[in-house]
Amino acid sequence: TELEGLELRWIDIPLVSPFRTSFGTETARRVLLVRAVTGDGEGWGECVAMDEPVYSAEYVEGAAQVIRDFLLPRLGRGADPWKAEEAFRPVHGHPMAKAAVGAALLDVWLRARDTSFGEFLGAVRPAVPSGVSVGIMDSVPELLDAVDGYVAEGYRRIKLKIEPGWDVAPVRAVRERHPDLPLQVDANTAYTLADARHLARLDPFDLLLIEQPLPEDDIAGHAALARLVATPICLDESITSAAIAADAIVRGATSVVNIKPGRVGGFLEARRVHDVCAAHGVPVWCGGMLETGIGRAANVALAALPNFTLPGDTSASSRYFATDVTEPFVLEDGALLVPTGPGIGVAPDEAVLRALTVRTEFLPA
Ligand code: OSB
Ligand code: MG
């Protein structure tokens, strides 16, 4: 089938509470959605780039420009997701832009074949256990209230965002209050190797892992750190492809991997990361980028693959938004159901979408 064009749609959607990390505070998401229109029907993809280039080099307007000026021209009228991946290869970087277009094309391809993302990717479970990523707060009591709330809702694992000055004390407080809670931390590159002895002070709290303590290009530093702390190191920002995942594993820099399709250029590469980690006996879990239901649906399907053995950051819609753009993902017994309908299995509610849309641009193929 032939591609007729890509519709870019910018929406502004408020978060239910501010989300603070070592790289900044989000109070709302500006999300770039991609709708692929073909002779066979349409499909949706969500670009996970943030408004500013503070998590990685990508940002919403840059991603839109890359799609418009460099990706769409390389597609021509092609709608095949594998050919798209090949056609995008000469464009360096910009994995989130590529992933958004790739996801929209894969959604079309799967809907035309009456196949769900889960079936296609190789899902082995009908539901995926949910964790929740808890931002940096102004005080420890405020953090404990937030954690208590999520635990009461049934989340199976808590991840605390940390940075220098907000690490040992909040972790100790949460661990004392919840002795058996699966708990992990995420630094989003906020430390240096000189902090190794400080980070080793987290060892007594029986954390599942420390996520991305050092800058993304410092694989050697993470390998050195892994020998100085007992808590397993898990890479997020550093892992931009299956090849880099294999390299980081072999070098001893990561013993658990966070997989985000947007960070690695799409769902096809995300599955390769899953496979290479499985081949090395390295467990993976599904990260998140505060996605709406569109991105979440596909992530939840990915998280149902066999080597996703740890709960991910795939939380319920209500953790992020008062009203999601799709039917909400709801926590049931601490898990989210993997959609079973064709493609991503959900569709945006046109009225909700219209109310949130700040701009629409149709790009003919
Ligand atoms: O590092 O995992 C991260 C959100 C935005 C950018 C980076 C990260 C995160 C999260 C939240 O931790 C994950 C989620 O709940 O979607
Ligand atoms: Mg992270």
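**Exercise 1. Which strands does helix H3 lie across, and at about what angle does it run to E3?**

Solution. This is a predicted model, in which local features need pLDDT of at least 70 and side-chain atom pairs count only at pLDDT 80 or more, while totals for chains, interfaces and linings use all residues. Residues are numbered from 1 along each chain as its sequence is written, chains are lettered from A and ligands numbered from 1 in the order in which they are written, and side-chain values use heavy atoms, with hydrogens and water left out.

Step 1. Helices (H or I, at least four residues) and strands (E, at least two) are DSSP runs numbered from the N terminus. Helix H3 covers residues 95-112 and lies across strand E1 (3-21), E2 and E3.

Step 2. Axes are lines fitted to C-alpha atoms, for helices over the stretch in contact (heavy atoms within 4.5 Å). Angles run from 0 to 180 degrees between N-to-C directions. The angle of H3 to E3 is about 150 degrees.

**Exercise 2. Describe the sheet that contains E3, and the surroundings of E3.**

Solution. 

Step 1. Two strands pair if DSSP finds at least two bridges between them. The open sheet has 4 strands in the order E3-E2-E1-E13, with antiparallel pairing.

Step 2. Strand E3 (41-47) and strand E13 (357-364) are the edges; each has a single partner strand, so one side of each has no neighbour in the sheet. On average, neighbouring strands of this sheet are turned by 20 degrees against each other, direction ignored.

Step 3. Strand E2 (residues 24-38) is joined to E3 by 7 bridges. Valine 37 has glutamate 42 of E3 as its bridge partner, and alanine 36 has glycine 43. The hairpin from E2 to E3 passes through 2 residues.

Step 4. Buried means under 20% relative accessible area, exposed over 50%, and partly exposed in between (1.4 Å probe, protein chains only). Of the 7 residues of E3, 5 are buried, so the strand is largely enclosed by the rest of the structure.

**Exercise 3. Which residues of H2 are buried, and what covers them?**

Solution. 

Step 1. The buried residues in H2 are Pro81, Ala84, Glu85 and Phe88. They span an arc of only 100 degrees around the axis, which puts them on the same side of H2. The arc is that of the directions from the helix axis to the C-beta atoms.

Step 2. The cover over these residues includes helix H1 (60-75), H3 and helix H11 (267-279).

Step 3. At the start of H2, a side-chain oxygen of aspartate 80 comes within 2.8 Å of the backbone nitrogen of tryptophan 82. A polar contact is a pair of N or O atoms within 3.5 Å; within protein, one must be able to donate a hydrogen and the other to accept it, and residues adjacent in sequence count only if both atoms are side-chain atoms.

**Exercise 4. Examine phi at histidine 94 and aspartate 333.**

Solution. 

Step 1. Most residues other than glycine have a negative phi.

Step 2. Histidine 94 sits in the loop between helix H2 (81-88) and H3 and is partly exposed at 31% relative accessible area. Aspartate 333 sits in the loop between helix H12 (293-302) and strand E12 (335-337) and is exposed at 71%.

**Exercise 5. Which residues coordinate the magnesium ion (ligand 2)?**

Solution. 

Step 1. Donors are N, O and S atoms within 2.8 Å of the metal (3.2 Å for Na, K and Ca); water is not among the atoms, so sites may look incomplete. Asp186 (OD), Glu211 (OE) and Asp236 (OD) coordinate the ion at 2.1 to 2.3 Å.

Step 2. The donor residues are spaced D-x24-E-x24-D in sequence. Aspartate 186 is in strand E7 (residues 183-186) and aspartate 236 in the loop between strand E9 (233-235) and helix H9 (242-250), so the pair ties together parts 50 residues apart in sequence.

Step 3. Aspartate 186 is buried at 1% relative accessible area, and aspartate 236 is buried at 0%.
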